[in-house]
Amino acid sequence: MDTVIKVENLSKQYRLGVVGSGTFKEDIKRGIAKIRGKEDPFVLLGEENNRTIKSDSNFVWSLKDLNFEVAKGDVLGIIGRNGAGKSTLLKILSKVTAPTTGSIKAKGRIASLLEVGTGFHPELTGRENIFLNGAILGMRRHEIKSKLDEIIAFAGVERYIDTPVKRYSSGMYVRLAFAVAAHLENEILIIDEVLAVGDAEFQKKCLAKMGDVSKGEGRTVLFVSHNIQAITNLCNKGLFLQNGVIKTNDVIDTVVQDYYKSQNYSKLSNVSLDDRNARTSTAVIFEEFYSFQNGKENWIIDYGQTINFKFSILVNEIVEGITLFFSINDPLTSQVISNYKNVLVERICLIGERFTFEVKIPEFTLRPGQYSLYFAMYDPSYKISFDVIDDNINLPLLRVQPISMDVHQNTGYFTIPVELINKG
Amino acid sequence: MSNNKEWSTIITPKVSWFHLNIKEIWEYRDLIWIFVRRDIVAIYKQTVLGPVWFMLGPLFTVFTYTFLFSEVAHLSTDGLPGPLFYLAGTTLWNYFNSCFNGASVTFTANAGIFGKVYFPRLVSPISMILSNLLKLSIQMFTYICFLVYFIFQPNSIIHVNYYLFLIPFVILILGGIAMGLGIIVSSFTTKYRDLSMVVGVFMTLLMYATPIMYPISAIPSIYKPFLACNPISPLVETFRFAFTGRGYFTWISFGYSFIFMIFSLLLGVFVFNRTEKTFMDTV
């Protein structure tokens, strides 16, 4: 195995709170300690980065003791929840900020795409911006020149190439920006969430282009995304970060499995009621909630299977009845894709009563993709909200997996029943 | 165990005390030129007069100065025509001021780009100094037009002399000092924004301590040692002396400015290096 990136004992500490008063005093203390040959007094204070636990220390370890290697030609997908340290790792790899301890060694030129179109100037033309952006990404002028036609064609903006980019539509802007990035010749590419922009068709083109990059030319790619589907399609290796430490570093399937496992906890009693939506009355609460298949909890459902949710509820106060509202949402925009209202209990419920329900969604309805869920209980007139659970309390995402190579798998959310009649 | 030679990039928290990677900056020379172009093009796009604005601004200042200081207050101009005297000072000061101001916001103004991609950070102030050269050359052109006009006036006392060969050095030293001081300030303002306020006041004071509206010869001799501390003064006086033969030039004061530039650049690169690696965490 030919290692091209070697990360050793990498840690990064951040200072929390307001940088202002106090920093000067600490700087002086730091300076004195340094002169006396002692260790930096503030480095010792850090702790594991768990943003849900409040702590007195102003310093946290965003990354702690990372050790891993990346082989030549690997496409490494880095996954983890928000705040797990993914972006920090990418920033250190792209030399935007320095680590607190440890080191990274790499063979070959590193190009980082933490965003597309870095440095684009609205007054300059498309052509001028290609040169500007290319140079910022580390390309030499003659390299850009030799690829100029290819870049323009890839972006599909031939007609507007001598127009200032401020007159571009946002789609054209992103395509141009991405086209520059896709033509980098660096041996190592670092890509952060850039695929979250642009239209679906262009995203696919970019994914394909990046696939070429790593498979065809022996380049190494490090890729961060929340789009687990893109990660599974594109990457062969994975790195799962949790609270700044490596949980799993293995082939991508194992890593994605672990990632999903870590997300799932169906016992909602673990989540304090304060964390649930503040507007709820908690007269009736969800006790348990999960998605299941063949009697076992499962949040990854094949496209051809029925989707089942099971939940139990507990009555805390006497209520006149319980109604249910739930919606299935796009996790990026949080827009509601589908919703449903129904009466759960049509009589007076007494304190301490428990009910269990199942929700079934027929097979072949939700298209492959990831969905966030929103479940809420109300009184019969839908005026008082009893309890709400959604991804704010870390309800896992529901993932529908494609069952075969489906080139249209990202198109739309639903499959509607269709009758096809052959008329000869 | 692999040795470090086979790795082309090594990222560590340590910064050597003085690390100026000229080779790396040279590799990014295309970026410097593209930045220069961007700055210049962006300024006068969608203006009718374009670069002419660089000329008009100082001209208004100079005519105001001529009226106020020369006609009303009767300050000395070393016997030179008012516009010519003041134009020399304002041209150089404008260059110094815009270079310094540009360099002093290197980190804060570029935080967006610096936070997303790596390139040698010194590329930014260097390209900014270069793009200011264009502005300077337009103003120099105005100055030379005035000079030629006044030379052909009857009884002209203007005596252009061989010290003209020092002019490129004057501009180099001026740009060097501006960049050195600017990047020092920019390094500290990433943490302590108060400094930018202090610097604004200081620059106004420095302008009055520089012979722009008055010649050094008009200063009472007890104050001269204080003015001699200002490394900008010798440059302004040298500039006037080379073009007109009037002014105060000594090799000692000129050498002082040069040494000041070397020191401010060394110190600047030193603190800049310490800052550039982690400033994203504090900015």
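Three bridges join strand 4 of chain A to strand 1 (residues 9-11) of chain B, and these two strands run antiparallel. Two strands pair if DSSP finds at least two bridges between them. The model is predicted: local features need pLDDT of at least 70, side-chain atom pairs count only at pLDDT 80 or more, and totals for chains, interfaces and linings use all residues. Residues are numbered from 1 along each chain as its sequence is written, while chains are lettered from A and ligands numbered from 1 in the order in which they are written.

**Where the chains meet**
- In strand 1 of chain B, B:I10 is the bridge partner of A:K105.
- Helices (H or I, at least four residues) and strands (E, at least two) are DSSP runs, numbered from the N terminus.
- Contact (C-beta atoms, placed from the backbone, within 7 Å) links 35 residues of chain A with 28 residues of chain B.
- On the side of chain A that touches chain B, strand 4 (101-106), strand 5 (110-113) and helix 3 each supply at least two residues.
- Strand 4 of chain A gives the most to that side, with five residues.

**Helix 2 of chain B**
- Its buried residues (20 or more other C-beta atoms within 10 Å of their own, with C-beta atoms placed from the backbone) are B:L31, B:I32, B:I34, B:F35 and B:R38.
- These residues cover an arc (of the directions from the helix axis to the C-beta atoms) of only 165°, which puts them on the same side of helix 2 of chain B.
- The buried residues of helix 2 of chain B pack against helix 3 (126-136) of chain A together with helix 7 (123-151) of chain B.

Notes: A residue is buried if 20 or more other C-beta atoms lie within 10 Å of its own, exposed if 12 or fewer, and partly exposed in between; C-beta atoms are placed from the backbone. Two residues are in contact if their C-beta atoms, placed from the backbone, lie within 7 Å.
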